[in-house]
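Let's take a friendly walk through this structure, from its surface to its core. Please keep the view open as you read.

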Amino acid sequence: RKGMKTTLQVANLKKMRICKGLSVQELADKINVCRQSIYNYESGAQFPNKGVLKKLCKVFNCNIKDLIA
């Protein structure tokens with residue numbers, strides 16, 4: 001559905017990335033996705049799959065509940 005936001009907590013992902021001192025490209029490299037995917041996750045345009053969520057949790061040392069609403 002065009003224009004609808006996903007349930008990914010946009011502010012949390014971007015905030016966590018910045019707090020960790022990672023650029024969009026660095027995070028993309030760490031979880032093996034393209035830079036555009038990170039932008040899409042942060043903007044709510046795309047929702048990461050379960051595998052990507054697990055990788056994000058590993059990078060940020062958090063649980064999935066910290067990333068999704």
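## A lysine on the surface

Lysine 58 has a relative accessible area of 73%, so this residue counts as exposed. Lysine 58 belongs to helix 4. Its C-alpha lies 9.9 Å from the C-alpha of lysine 30, although 28 residues separate lysine 58 and lysine 30 in sequence. Do keep in mind that the model you are looking at is predicted.

## The chain as a whole

What does the secondary structure of the protein chain come to? There are 5 helices and 0 strands, so read from the N terminus, the order of elements is α-α-α-α-α.

The protein chain has 69 residues, and 36% of them count as buried. Its accessible surface comes to about 4600 Å², with 51% of that belonging to carbon and sulfur atoms. If you take the contacts between residues at least 6 apart in sequence, 57% of them join residues at least 24 apart.

## Inside the nonpolar core

The largest nonpolar core holds 18 residues. Leu27, Ile31, Ile38, Leu56, Phe60 and Leu67 are the ones with the most contacts inside this core. Two or more residues come from each of helix 1 (10-19), helix 2 (24-31), helix 3 (35-43) and helix 4 (50-60). Which helix gives the most to this core? That is helix 4, with 6 residues.

Leaving aside residues up to four places away in sequence, leucine 56 touches Leu13, Leu27, Ile31, Pro48 and Leu67. Of these partners, Leu27, Ile31 and Leu67 are also among the residues with the most contacts inside the core.

## Where helix 2 meets helix 4

Now turn to the pairing of two helices. The axes of helix 2 and helix 4 come within 9 Å and cross at roughly 115 degrees. The crossing in which helix 2 passes helix 4 is right-handed. On the helix 2 side, Leu27, Lys30 and Ile31 make the contact, while helix 4 brings Val52, Lys55, Leu56, Val59 and Phe60. How many of the contact residues are nonpolar, polar and charged? The contact of helix 2 with helix 4 divides into 6 nonpolar, no polar and 2 charged residues.

## Helix 3 and what follows

Which residues of helix 3 are buried? They are Ser37, Ile38, Asn40, Tyr41 and Glu42. Ile38 is also one of the residues with the most contacts inside the largest nonpolar core. Just after helix 3 comes glycine 44, with a positive phi of about 85 degrees.

## Two asparagines with positive phi

Asparagine 32 is not a glycine, yet its phi is positive, at about 65 degrees. You will find asparagine 32 in the loop between helix 2 and helix 3. Is this residue buried or exposed? Its relative accessibility is 65%, and the cut-off for exposed is over 50%, so asparagine 32 counts as exposed.

Asparagine 61 also has a positive phi without being a glycine, here of about 50 degrees. This residue sits in the loop between helix 4 and helix 5 (64-67). With a relative accessible area of 73%, asparagine 61 is exposed.

Isoleucine 64 is part of helix 5. Its relative accessible area is 27%, so isoleucine 64 is partly exposed. What does isoleucine 64 touch, not counting residues up to four places away in sequence? Its contacts are Leu53 and Cys57. Isoleucine 64 and leucine 53 are 11 residues apart in sequence, and their C-alpha atoms are 6.6 Å apart in space.

Cysteine 19 takes you back to helix 1. This cysteine is exposed, with a relative accessible area of 64%. From C-alpha to C-alpha, cysteine 19 is 9.6 Å from phenylalanine 60, at a sequence separation of 41 residues.

How values were computed
Residues are numbered from 1 along each chain as its sequence is written. This is a predicted model: local features need pLDDT of at least 70, side-chain atom pairs count only at pLDDT 80 or more; totals for chains, interfaces and linings use all residues. Side-chain values use heavy atoms; hydrogens and water are left out. A nonpolar core is a set of buried Ala, Val, Leu, Ile, Met, Phe, Trp, Tyr and Cys residues joined through side-chain atoms within 4.5 Å. Buried means under 20% relative accessible area, exposed over 50%, partly exposed in between (1.4 Å probe, protein chains only). Helices (H or I, at least four residues) and strands (E, at least two) are DSSP runs, numbered from the N terminus. Contact means heavy atoms within 4.5 Å. Axes are lines fitted to C-alpha atoms, for helices over the stretch in contact, and angles run from 0 to 180 degrees between N-to-C directions. A crossing is left-handed if the near helix is turned anticlockwise from the far one by less than a right angle, and right-handed if clockwise. Ala, Val, Leu, Ile, Met, Phe, Trp, Tyr, Cys and Pro count as nonpolar, Asp, Glu, Lys and Arg as charged, and the others, Gly among them, as polar. Accessible areas come from the Shrake-Rupley method with a 1.4 Å probe; for residues, only the protein chains shown count as cover.
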